[in-house]
Amino acid sequence: MNGQHALKALDAWRVAPGATLDLAALDADAHPASGGKRSTDEARLKDLGATLGELQGRLYANQQKAVLLVLQGMDASGKDGVVRRVFSQVSPLGVRAHAFAVPAGSETRHDFLWRVHAQTPPRGEIAIFNRSHYEDVVVASVRNLVPAPQVTRRLQHIRHFEQMLVDEGTVVLKLFLHLSYEEQGERLRDRLATREKQWKLQASDIADRAHWKTFRRAWERAIEATSTDAAPWYVVPANSRFQRDLMVAELMVHHLAALHLEYPPATLPPDTIIP
Ligand code: ADP
C-alpha cells in the first residue's frame with residue numbers, strides 16, 4: 001500500500017472530535033495499514049523505519065518543532081514493543097521515551113500535569129509517553145482516586161494543556177492500542193509461563209482484567225472528551241504486533257512529513273576551503 005492509500009484507510013481509525021467511541025465495535029484484529037501481502041508489508045515497515053529516522057534528523061537539525069507521541073492501551077497491548085521496534089532506526093539523540101508509573105513522592109504533592117509537562121519534548125526532539133496524563137483520568141475514575149467532577153475538570157485541563165503544546169510548536173499524536181480481551185488473556189498467560197517475561201506480570205494486572213469493561217468505558221470517555229483536530233486520538237488495532245507496528249509507523253511518518261521540515265541552510269559558502 002502506498003502512503004496516500006494507507007492514510008485514507010487509517011483515517012477511519014481517527015476519533016473525530018465530538019464522536020462517540022465504541023471500542024467493542026472495533027475489530028482488534030483489523031489490519032488497516034496492510035497492503036494485503038505480508039512480504040510487501042514487511043518491506044513497507046522497513047522503509048517507514050528508515051524514513052522516520054530521516055525525518056527525525058530533519059526535526060533535530062531544524063529545531064523548530066517537537067513531537068509528542070502518547071501511547072496508551074490495556075496491559076500487554078504492546079506499548080513497550082512499539083517503542084522498541086518502530087523507533088529502532090531513530091537516533092537516540094533525538095528521541096526520548098518516558099514511562100509513567102503510579103505517582104510517588106513529590107509527584108503526589110503537585111497537580112497531575114506537573115510531572116507530565118516536565119517530560120514534554122523540547123523543539124527538535126520526539127518524546128514517547130508510555131502511559132501518560134490519561135492515567136490520571138482513567139485509573140483515577142475507575143479506582144475512585146478522585147471525585148467524578150474532578151475527573152471532568154481534568155479532561156478539560158488536558159484539552160487546554162495539549163492545545164497549548166500544539167500552539168507552541170509540538171505535534172501531539174495519541175494512540176490507543178486496541179487489544180481484545182481474549183488476546184490479552186493469551187498474552188498474560190504467556191507472561192506467566194515464560195521465564196523472561198514473568199517479572200512483567202503483576203497481581204494488579206489480573207485484578208484490572210476483572211474490570212475490563214469498566215476500564216474500556218473509562219477509556220472511551222477520556223478519548224471522546226479529548227480527541228481534537230489539534231491533538232487527535234487514533235485507535236490502533238493491536239492483536240497483531242506486526243500490524244500494530246506498521247500502523248504506528250505509518251502514522252508517525254505521516255505526521256512528521258506533514259511538517260515539511262527542511263534542513264537549515266548551509267552556514268558556510270560551498271567554496272569554503274577546508275585545509
Ligand atoms: P507497565 O504496566 O506499563 O509495564 P508498570 O508495571 O510500572 O508498567 O505499571 C505502571 C502502573 O502505574 C499501571 O498500573 C498504571 O495504571 C499506573 N499509573 C501510571 N500513572 C498513573 C497515575 N497517574 N495514577 C494512577 N496510576 C498510574
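Modeller: We shall take these features in turn, keeping in mind that this is a predicted model.

Colleague: How many aromatic pairs are there in this structure?

Modeller: The general idea is that two rings pair if their centres lie within 6.5 Å, and by this rule the count comes to 5 aromatic pairs. One of them joins Tyr134 and Trp233, whose ring centres are 4.8 Å apart and whose planes meet at 75°, so this pair is edge-to-face, given that planes over 60 degrees apart are classed that way.

Colleague: Which parts of the chain does the pair of Tyr134 and Trp233 tie together?

Modeller: Tyr134 belongs to the loop between strand 3 (126–130) and helix 5 (135–142), while Trp233 is in strand 5 (residues 233–237), so the pair ties together parts that are 99 residues apart in sequence. Tyr134 counts as buried, at 0% relative accessibility, and Trp233 is likewise buried, with a relative accessible area of 0%.

Colleague: What kind of aromatic pair do Trp219 and Trp233 form?

Modeller: Trp219 and Trp233 form an edge-to-face pair, with 6.4 Å from centre to centre and 75° between the planes. This pair links Trp219 in helix 9 (residues 212–226) to Trp233 in strand 5, 14 residues apart. Tyr134, Phe176, Trp219 and Trp233 form one aromatic cluster.

Colleague: How does the length of helix 9 compare with the span expected at 1.5 Å a residue?

Modeller: Helix 9 has 15 residues and reaches 21 Å from its first C-alpha to its last, which is close to the expected 21 Å. Its buried residues include Trp212, Phe215, Trp219 and Ile223, and among them are also Glu220 and Glu224.

Colleague: Which residues are around the ligand?

Modeller: The residues around the ligand include Asp75, Phe100, Ala101, Arg115, Arg131 and Glu135. A polar backbone atom of Ala101 is 3.2 Å from a nitrogen atom of the ligand, a polar side-chain atom of Arg131 lies 2.7 Å from a ligand oxygen atom, and an N or O atom in the side chain of Glu135 is 2.8 Å from an oxygen atom of the ligand. Taken alone, the ligand exposes 570 Å², of which the protein buries 74%.

Key: Residues are numbered from 1 along each chain as its sequence is written. This is a predicted model: local features need pLDDT of at least 70, side-chain atom pairs count only at pLDDT 80 or more; totals for chains, interfaces and linings use all residues. Side-chain values use heavy atoms; hydrogens and water are left out. Rings of Phe, Tyr and Trp (its six-membered ring) pair if their centres lie within 6.5 Å; planes under 30 degrees apart count as stacked, over 60 as edge-to-face and the rest as tilted. Helices (H or I, at least four residues) and strands (E, at least two) are DSSP runs, numbered from the N terminus. Buried means under 20% relative accessible area, exposed over 50%, partly exposed in between (1.4 Å probe, protein chains only). The expected span of a helix is 1.5 Å times one less than its number of residues. A residue is near a molecule or strand if one of its heavy atoms lies within 4 Å of it. A polar contact is a pair of N or O atoms within 3.5 Å; within protein, one must be able to donate a hydrogen and the other to accept it, and residues adjacent in sequence count only if both atoms are side-chain atoms. Accessible areas come from the Shrake-Rupley method with a 1.4 Å probe; for residues, only the protein chains shown count as cover.
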